[in-house]
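Biologist: Please take me through the features of this model, and tell me how each one is defined.

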Amino acid sequence: MSVLPSEGHNRVTVPDILSRKKFHSGQPPVTERKITMLTAYDYPTARLVDQAGVDIVLVGDSLAMVVLGYESTLPVTLDEMLHHTRAVRRGVHRALLVADMPFGTFHNGADDAVRNATRFVKESGAAAVKIEGGERRMELVSRLVEAEIPVMGHIGLTPQSLNALGGFRVQGKTAETAEALVRDAQALAAAGAFSIVVEAVPREIAARITESVPVPTIGIGAGPECDGQVLVLSDLLGLTDGHTPKFARQYAHVGETIRAAAARYVDDVQKGSFPSDAESYHLPPAARDAVPAKKV
Ligand code: KIV
């Protein structure tokens, strides 16, 4: 079997993301171009964000809350994540596709975690997985990397730790917790993670973490000094209900657009203006006399 060289392809790869590290320990910036990542959960939105030019599409376990209507990310299952990742795969042609390992799929030993992560690669076409947690995931990250499964880390506010943290709060606000976050990031990088999501951390601490690791940091609620940024697509589009955190800049009001469109449709049907004659099928002239039909 011969293998064609992959040069010239325009898919974003894990090495491409690694090469976008801004700076590390005083080294001059390799590139100034920040990494952009957005979540997607289905085929049409995946296609659109891919066409928009994001570097990474993440099938986040936020799927649980923003698409499936659960109250937290904890209930979403591996099968649900696989199902949505497959749909996203069909829409993504350029960006790197990363899938979130949901709660409970990497907590029962490394063998089980590798088996579950392998399903993301084999059955849904993900190029990498994301795992929440810092230093304590070191061994697991090394095992996955050894199994040729690239890993994105996730530290700071890790929504799967909801019960342990007692709520969604900004992390790393004391000297001790800030130091722990730097250690978490360094441990993940040492274990082989190719990038690290830093969520809800003071800007100053996220900047320190970014300087302290040789792999890109991707911030959400972590200020502009990270090597990249990520947002939940439903927040960006204005599709989420209720409270959104202050970092979740809304770029559109799609929720309002959908509600208004549906209300106009209901109104038009009741008024009899939908469907119009032009939006209706007609009998061909030759059949008009042969087929018993009502004159309209
Ligand atoms: O699940 C998710 O959407 C995430 C992002 C917030 C990074 O983990």
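**Reading the ligand site and the chain**

Biologist: Which side chain has an N or O atom 3.2 Å from an oxygen atom of the ligand?

Modeller: That of D100. A polar contact is a pair of N or O atoms within 3.5 Å; within protein, one must be able to donate a hydrogen and the other to accept it, and sequence neighbours count only through two side-chain atoms. D61 has a side-chain N or O atom 3.0 Å from a ligand oxygen, and for a polar side-chain atom of K130 the distance is 2.9 Å. The protein covers 95% of the 260 Å² of accessible area that the ligand has on its own (Shrake-Rupley, 1.4 Å probe).

This is a predicted model: local features need pLDDT of at least 70, side-chain atom pairs pLDDT 80 or more, while totals for chains, interfaces and linings use all residues. Numbering runs from 1 along each chain as its sequence is written, and side-chain values use heavy atoms, without hydrogens and water.

Biologist: Which residues surround the ligand?

Modeller: A residue is near if one of its heavy atoms lies within 4 Å. Here T39, L58, G60, D61, S62, D100, K130, H154, I220 and V232 surround the ligand. By class, this shell has three nonpolar, four polar and three charged residues, with Gly counted as polar and Asp, Glu, Lys and Arg as charged.

Biologist: How many salt bridges are there?

Modeller: Side chains of opposite charge can pair when their charged atoms come close. With a Lys or Arg side-chain nitrogen within 4 Å of an Asp or Glu carboxyl oxygen, the count is twelve. One of them joins D55 to R20, at 3.0 Å from N to O. D55 is in the loop between helix 2 (43–52) and strand 2 (56–59), and R20, 35 residues away, in the loop between helix 1 (14–18) and strand 1 (35–39). Helices (H or I, at least four residues) and strands (E, at least two) are DSSP runs, numbered from the N terminus.

Biologist: What about the backbone?

Modeller: The peptide bond from F274 to P275 is cis, with omega near -5 degrees; P275 is in the segment after helix 11 (254–271). E148, not a glycine, has a positive phi of about 65 degrees.
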